[in-house]
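Hi everyone, thanks for coming.

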Amino acid sequence: MRMVFRWFGKDNDSVSLEHIKQIPGVEGVVWALHDVPAGEVWPLDKIKEQKAEIDAAGLRMDVVESVNIHEDIKLGLPSRDQYIENYKRTIENLAKVNVKVICYNFMPVFDWIRTNLFEKLEDGSTALFYEKSKVDNIDPLELVKKISANPDYTMPGWEPERLHSLSNLFEAYKNVTNDDLWRNLEYFLNEIIPFAREHDIKLAIHPDDPPWPIMGLPRIITSQDNIRKLLNLVDDPYNSITLCSGALGVNLENDIPAMIREFKDRIAFAHIRNVKVYENGDFIETSHRSEDGSLNMNEIVKAYYETDFKGYARPDHGRHIWEEQCRPGYGLYDRALGIMYLWGIWDTFQRTNLREKALNESFVR
Ligand code: DNO
């Protein structure tokens with residue numbers, strides 16, 4: 001397991017590369033050019049600027065999250081071919097700085113969604129929270145009206161400009177079904193995966209968060225069966241996944257350790273975090289510790305350990321603790337604690353295994 005840490009760039013992140021370097025066992029950052037709009041080619045000079053900074057801090061930059069997919073590709077419009085060409089140019093440029101994994105998602109319109117970014121937990125910290133009924137009751141048309149009435153209206157993961165093009169998007173997706181979305185994903189993968197293979201970069205799709213349809217929009221990367229289907233669309237190790245325990249885990253029917261064991265050869269990137277799911281379907285992002293949430297983190301890390309996971313992993317969202325001012329979910333402190341918890345579990349398996357091996361060997365001798 002190669003531990004990495006998401007970093008939004010020196011102008012957009014309260015966490016510095018120097019601090020990241022001091023977290024035990026972290027070898028690199030997960031980065032992106034956040035100011036390049038989806039669909040445009042990432043310029044090589046900007047990529048090189050990032051490289052110079054990250055190199056200077058003694059960190060690696062093997063993983064990019066995300067090169068976002070233009071909506072026209074997800075919608076299957078004729079203009080998609082140009083955007084797919086641009087995606088290839090970006091892959092070419094990223095290969096020049098030795099990027100090995102690109103994380104992306106295929107969620108229409110929205111990326112991850114929460115209803116409160118600073119919900120109070122019992123210990124006084126705050127964390128990202130999803131109130132299911134609130135999202136279930138959103139009328140997309142009403143939302144569009146709200147956005148048009150208030151130019152400053154924002155949602156997590158959204159640039160205001162993108163949010164303001166929402167009304168057109170809802171209209172465009174009106175008749176798009178899950179099957180259409182699958183077809184459009186297949187078209188994209190057929191074009192991109194052979195090209196990515198030539199450049200030795202794995203494309204690792206992130207599951208939908210939350211893993212169910214919202215606001216009448218289709219969502220397809222939601223379950224073990226659907227991930228299997230995705231991997232079979234183009235059966236090539238370069239068509240891989242980002243296995244996000246928190247995104248998939250809020251549907252308690254998703255058995256994360258079973259997925260790790262089944263998809264072991266196709267997991268290029270692991271997002272590992274805990275989440276507490278309530279009976280009414282609400283959920284909150286807790287500390288990484290098993291006891292604090294609904295997911296058995298020990299079983300999850302065990303599955304990675306036992307399948308000899310050699311891919312990249314990052315802690316995922318953390319709580320906001322010790323009065324840290326940071327991007328929602330992306331502070332230094334709780335994610336660093338998360339890393340130490342994950343290493344704690346991993347190292348215990350590793351040391352025990354080594355000790356047992358040594359004992360067996362001395363016994364045989
Ligand atoms: C949330 C992230 C997602 C992820 C994208 C991948 O914090 O895990 O926004 O980066 O879905 O494209």
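Predicted model: local features only at pLDDT ≥ 70, side-chain atom pairs only at ≥ 80, totals over all residues.

**The ligand and its surroundings**

D111 places a polar side-chain atom 2.9 Å from an oxygen atom of the ligand, and for H206 the distance from a polar side-chain atom to a ligand oxygen is 3.2 Å. How much of the ligand's accessible area does the protein cover? On its own the ligand has 330 Å² of accessible area, and the protein covers 98% of that.

Now let's step back to the whole shell. The ligand is surrounded by 14 residues, and the closest are E65, S66, N105, H317 and Y330. Which strand gives the largest share of this shell? That would be strand β4, residues 101-105, which supplies three residues.

**A cavity to look at**

There is one more thing to find on the screen. The structure has one cavity of 30 Å³ or more. The space in the largest cavity comes to about 30 Å³. To locate this cavity, look for its lining: G39, E40, V67, N68, Y83, N86, Y87 and T90. Sorted by type, that lining has three nonpolar residues, four polar ones and one charged.

That's my tour, and I'm happy to take questions!

Technical notes: Residues numbered from 1 in each chain as written. Heavy atoms only, no water. Near = heavy atom within 4 Å. Polar contact = N/O pair within 3.5 Å; in protein donor to acceptor, adjacent residues only side chain to side chain. Areas by Shrake-Rupley, 256 points an atom, 1.4 Å probe, with all protein chains shown as cover. Helix = DSSP H or I, 4+ residues; strand = E, 2+ residues; numbered from the N terminus. 1 Å grid on protein atoms, 1.4 Å probe; cavity = no way out; pocket = protein on both sides within 12 Å on 5 of 7 lines; lining within 4 Å. Points joined across faces, edges and corners; volume = space filled by probe spheres on them. Nonpolar A, V, L, I, M, F, W, Y, C, P; charged D, E, K, R; others polar.
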